[in-house]
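Dear colleague,

I am passing on the structure we spoke about, and I would be glad if you could look through it before reading my notes. The notes follow directly below it.

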Amino acid sequence: YMFRYPGLVALAFFLMISANVLALAGPKLSGLAIDAIVGPGEVDFPRVFLFCGLMIGFYILSGVMSYLLSIVMVNLSQRITYTMRKEVFDHLTDLPVGFFDTHQTGEIVSRLSYDIDTLNASLTNDVLAICANSITVVGSFVMMLTISPVLISVFVITVPISLIFTKYKSTHIRPLFRARSAKLGELNGFAEEMLSGQKTIRTYGKEQVITDRFDVRNSEACGAYYKADYHGSVIGPTVNFVSNLSIALITLLGSIFYMFWLG
């Protein structure tokens, strides 16, 4: 679906790469500015101001490109969502009557609305984040090679931890999100059928029975949502913790190397 809009996709990748490269250049320029400060009375102010100005300019350009990238991605995702919904609806109109006898209306509506909205959110946020983070990781690795290859040894410890944990959690989380979608479809289907049959329900005095059945399905859907969102929310903070651990270890090793250098 993305390749149906090659112009927008190419523009998005250009903005993504440019924004991340400009952001990655900031720390390098900061280091060069600090290197120009030798000590009291030995500061090369023109050099410091030059690198500080470049750093500010790069960060501003990176922010502008990131903003433009978000606009492009929203536009792209909305076009894809429209195309998906149209194709799904056209397909539904061609299906035999037997399909609608064996599938609840709420489930079909859920596929048209919730499932495609989930794809839209993933395209706008997740795909963008994956691509941007991949560029950041590769760029950071190259930048660290140019600054201090020795400090990269820290990632021999932290990167495998992140990869193993993410792989483990993803394997267990994927079925939870499938169950969440299924329970939402069941809840929507039951609610649609009961609301359309209100006259019959009230005629036979089955309001409480239907309410109890709805409560059961509602509780199951809430439980499925809670499990999926809870376990899904664990990945981000854990990976951030490992990233912060990397920064702490690099700072520690850098301080040790600096003390030995002074000695």
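How far apart should the ends of α5 be at 1.5 Å a residue, and how far apart are its end C-alpha atoms? Before the answer, please keep in mind that this is a predicted model, and that every value below was computed from it. The 42 residues of α5 should span 62 Å, and its end C-alpha atoms lie 59 Å apart, which agrees.

The helix α5 does have a bend, of about 30 degrees at T171, and a proline, P175, follows within four residues of that position. Several residues of α5 are buried, among them T158, S162 and K169, and the buried set also includes I173, R180, L184, G185, L187, G189, F190 and M194.

Two helices, α4 (residues 105-147) and α5 (residues 155-196), each supply at least two residues of its lining, and the largest share, eight residues, comes from α4. Sorted by class, the lining of the second largest pocket consists of four nonpolar, four polar and three charged residues.

A search of the whole structure finds one cavity of 30 Å³ or more, and the largest cavity has a volume of about 50 Å³. The residues that line the largest cavity are M2, V9, A12, F13, M16, M73, V127, L128 and C131. Here the helices α1 (residues 6-35) and α4 each supply at least two residues, with the largest share, four residues, coming from α1. By class, the lining of the largest cavity has nine nonpolar residues, no polar residues and no charged residues.

With a disulfide taken as a pair of cysteine sulfur atoms within 2.5 Å, the count comes to zero disulfides. C52 is partly exposed, with a relative accessible area of 26%, and C222 is likewise partly exposed, with a relative accessible area of 46%.

Finally, there are two positions in α7 to report. T211 is found in helix α7, which covers residues 207-262, and T211 is partly exposed because its relative accessible area is 39%, between the limits of 20% and 50%. The C-alpha atoms of T211 and P27, which are 184 residues apart along the chain, are separated by 60 Å. A224 is also found in helix α7, but A224 is buried, because its relative accessible area of 11% falls under 20%. Between the C-alpha atoms of A224 and S62, which are 162 residues apart along the chain, the separation is 39 Å.

With best wishes

How values were computed: Residues numbered from 1 in each chain as written. Predicted model: local features only at pLDDT ≥ 70, side-chain atom pairs only at ≥ 80, totals over all residues. Heavy atoms only, no water. Nonpolar A, V, L, I, M, F, W, Y, C, P; charged D, E, K, R; others polar. Buried < 20%, exposed > 50% of the residue type's maximum accessible area, 1.4 Å probe, protein only. Expected span 1.5 Å × (residues − 1). Bend = angle between axes of the 7 residues up to and from the residue. 1 Å grid on protein atoms, 1.4 Å probe; cavity = no way out; pocket = protein on both sides within 12 Å on 5 of 7 lines; lining within 4 Å. Points joined across faces, edges and corners; volume = space filled by probe spheres on them.
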